[in-house]
Amino acid sequence: MTQAATRDQETAEREAYIARYGVAPGEADHATLLRMIEDQMNEGLKTMVEPFPETDKEFAALLDELRPLSADQLREKLVISGWLLKPYGEEEMRCQECMYYLVHKRWCDLPELSLPAEPDWWCRLWRI
């Protein structure tokens, strides 16, 4: 995709958020961001839960994909990070046990994501 096409897509996504929620993700408050995430996931957004990054190199590669995304590219962040609204795997990993999760703020503090999250949610950037 060309830079112009990518910019056009980003603009269209931003406008769609504003039309639906009255605000783009980059300016949304905590509650609105939570609603945006829940709505997309409940409407069938498929995210990339596999492969789970087993090595630091694989983890860093995912961060490299996320780093250039703007706060308004919420959908892309959810897809790349493998976001789920439920625990994952046999061990039922969840945000609450992740080192990046701020319990009292209900927030993922991984700089490349920086999104609200519920304790029972999960993404493939999960770490202990």
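## Aromatic pairs

Welcome to this predicted model, in which five aromatic pairs are counted; rings of Phe, Tyr and Trp (its six-membered ring) pair if their centres lie within 6.5 Å, and planes under 30 degrees apart count as stacked, over 60 as edge-to-face and the rest as tilted. Tyr-88 sits in the loop between α4 (74-81) and β1, while Trp-122 belongs to the segment after β3, 34 residues apart, and the pair links distant parts of the chain.

Both Tyr-88 and Trp-122 are buried, a word used for under 20% relative accessible area, with exposed over 50% and partly exposed in between (1.4 Å probe, protein chains only). Together with Phe-52, Tyr-88 and Trp-122 form one aromatic cluster.

## How to read the model

Residues are numbered from 1 along each chain as its sequence is written.

Helices (H or I, at least four residues) and strands (E, at least two) are DSSP runs, numbered from the N terminus. Helix α4 is mostly covered, with six of its eight residues buried: Leu-74, Glu-76, Lys-77, Leu-78, Ile-80 and Ser-81. Their cover includes α1, α2 (30-42), α3 (56-66) and β3. After α4 comes Gly-82, with a positive phi near 70°.

The axes of α1 (residues 3-21) and α4 come within 10 Å and cross at roughly 105°; axes are lines fitted to C-alpha atoms, for helices over the stretch in contact, and angles run from 0 to 180 degrees between N-to-C directions. That makes α1 roughly perpendicular to α4 (65 to 115 degrees; under 35 is roughly parallel, over 145 roughly antiparallel and the rest oblique). Gln-9, Glu-13 and Tyr-17 of α1 meet Leu-74, Arg-75 and Glu-76 of α4, where contact means heavy atoms within 4.5 Å.

## A three-stranded sheet

Three strands make an open antiparallel sheet in the order β1-β2-β3; two strands pair if DSSP finds at least two bridges between them. β1 (101-102) and β3 (115-116) stand at the edges with a single partner strand each, so one side of each is left without a neighbour in the sheet.

Strand β2 (residues 107-108) pairs with β3 in the antiparallel sense over two bridges. Cys-108 stands opposite Leu-115 in β3.

How values were computed
This is a predicted model: local features need pLDDT of at least 70, side-chain atom pairs count only at pLDDT 80 or more; totals for chains, interfaces and linings use all residues. Side-chain values use heavy atoms; hydrogens and water are left out.
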